[in-house]
Amino acid sequence: MSKEENIWESRYQAGTTGWDRGATSSNLNYWLKNDLLKPCRILIPGCGNGYEVLTLAQLGFDVIAIDIAPTAIENLQAMLDKESLNAELILDDFFSWNPDAKFDAIFEQTSLCALPPELWEQYETQLHNWLKPKGKVYAQFMQTGRKGGPPYHCELTDMDALFVKDKWRWSDEYISQEKEPGMTELLYLLDKV
Ligand SMILES: C[S@@+](CC[C@H](N)C(=O)[O-])C[C@H]1O[C@@H](n2cnc3c(N)ncnc32)[C@H](O)[C@@H]1O
């Protein structure tokens, strides 16, 4: 087990998963309710316990979810089995994983902000590579207002600099959800140019 895998796996084993919402996030429900996300081939990188995988599978999406932590993947497979739902679960490091086919959409929920900023460019390259032309990233960038992490503060100017205009088209609007005092999640839609 690599050091990185071990860090995440030990969190799942110890139950120190403060990011886990225990249910499908209101962020995903926002995209669905507003008809911004419709059944397609979708990837969830760093899916964790992956409640969103169940919701999307139930709605007829072709869902592929990847995580480095075996316990997270086992938990998710057990939930899928219990509900007799199908999704493709992959236990791997998303920095080295290359899928056989590209995706229409990616649901990016607190994976980027869980990574140290020095890995963000590598992650953005992967997001871009995984998508079909005109594919979309449904992203939430967390604003912690604090130094250090995880989660790491995703300053919008930094996100702007990361998702450059010749590779990505930013949606004109975003919605902001207060998570806890001082911590906000901004929802953005990014199109691969
Ligand atoms: C903050 S958690 C978010 C989990 C989930 N998206 C959620 O919202 O509950 C970050 C997740 O990314 C996974 N992860 C971190 N680095 C990874 C990597 N290199 N490859 C695959 N998964 C990774 C962790 O195991 C963890 O489940």
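Tutor: Let's go through the ligand, some aromatic rings, a helix and the cores.

Tutor: This is a predicted model, where local features need pLDDT of at least 70, side-chain atom pairs count only at pLDDT 80 or more, and totals for chains, interfaces and linings use all residues. Numbering runs from 1 along each chain as its sequence is written, and side-chain values use heavy atoms, with hydrogens and water left out.

Student: Okay, which residues come nearest to the ligand?

Tutor: Tyr 12, Gly 46, Asp 67, Phe 94 and Gln 109, out of 16 residues around the ligand (a residue counts if one of its heavy atoms lies within 4 Å).

Student: And what about polar contacts, N or O pairs within 3.5 Å?

Tutor: An oxygen atom of the ligand sits 2.6 Å from a side-chain N or O atom of Tyr 12. For Gln 109 the distance from a ligand oxygen to such an atom is 2.9 Å, and for Thr 110 it is 3.2 Å.

Student: How much of the ligand does the protein bury?

Tutor: 97% of the 590 Å² that the ligand exposes when taken alone (areas use the Shrake-Rupley method with a 1.4 Å probe).

Student: Switching topic: which ring does Phe 94 pair with edge-to-face?

Tutor: Trp 130, at 6.3 Å centre to centre with 75 degrees between the planes. Rings of Phe, Tyr and Trp (its six-membered ring) pair if their centres lie within 6.5 Å, and planes over 60 degrees apart count as edge-to-face. Phe 94 is in the loop between β3 (88-91) and β4, while Trp 130 is in helix α5, 36 residues away.

Student: Why does Phe 94 count as buried?

Tutor: Because its relative accessibility is 12%, and buried means under 20% relative accessible area (1.4 Å probe, protein chains only). Trp 130 is buried too, at 1%.

Student: What else is buried in α5?

Tutor: In α5 (residues 120-130), others include Trp 120, Tyr 123 and Leu 127. Helices here are DSSP runs of H or I with at least four residues, and strands are E runs of at least two.

Student: And the largest nonpolar core, how many residues does it have?

Tutor: It has 31, and Leu 112, Phe 141, Met 159 and Phe 163 have the most contacts inside it. A nonpolar core is a set of buried Ala, Val, Leu, Ile, Met, Phe, Trp, Tyr and Cys residues joined through side-chain atoms within 4.5 Å.

Student: Which strand gives the largest share?

Tutor: β5, with five residues. Apart from that core lies another, of 25 residues, among them Val 53 and Ala 105.

Definitions and conventions:
Buried < 20%, exposed > 50% of the residue type's maximum accessible area, 1.4 Å probe, protein only. Polar contact = N/O pair within 3.5 Å; in protein donor to acceptor, adjacent residues only side chain to side chain. Phe/Tyr/Trp six-rings, centres within 6.5 Å; stacked < 30°, edge-to-face > 60°.
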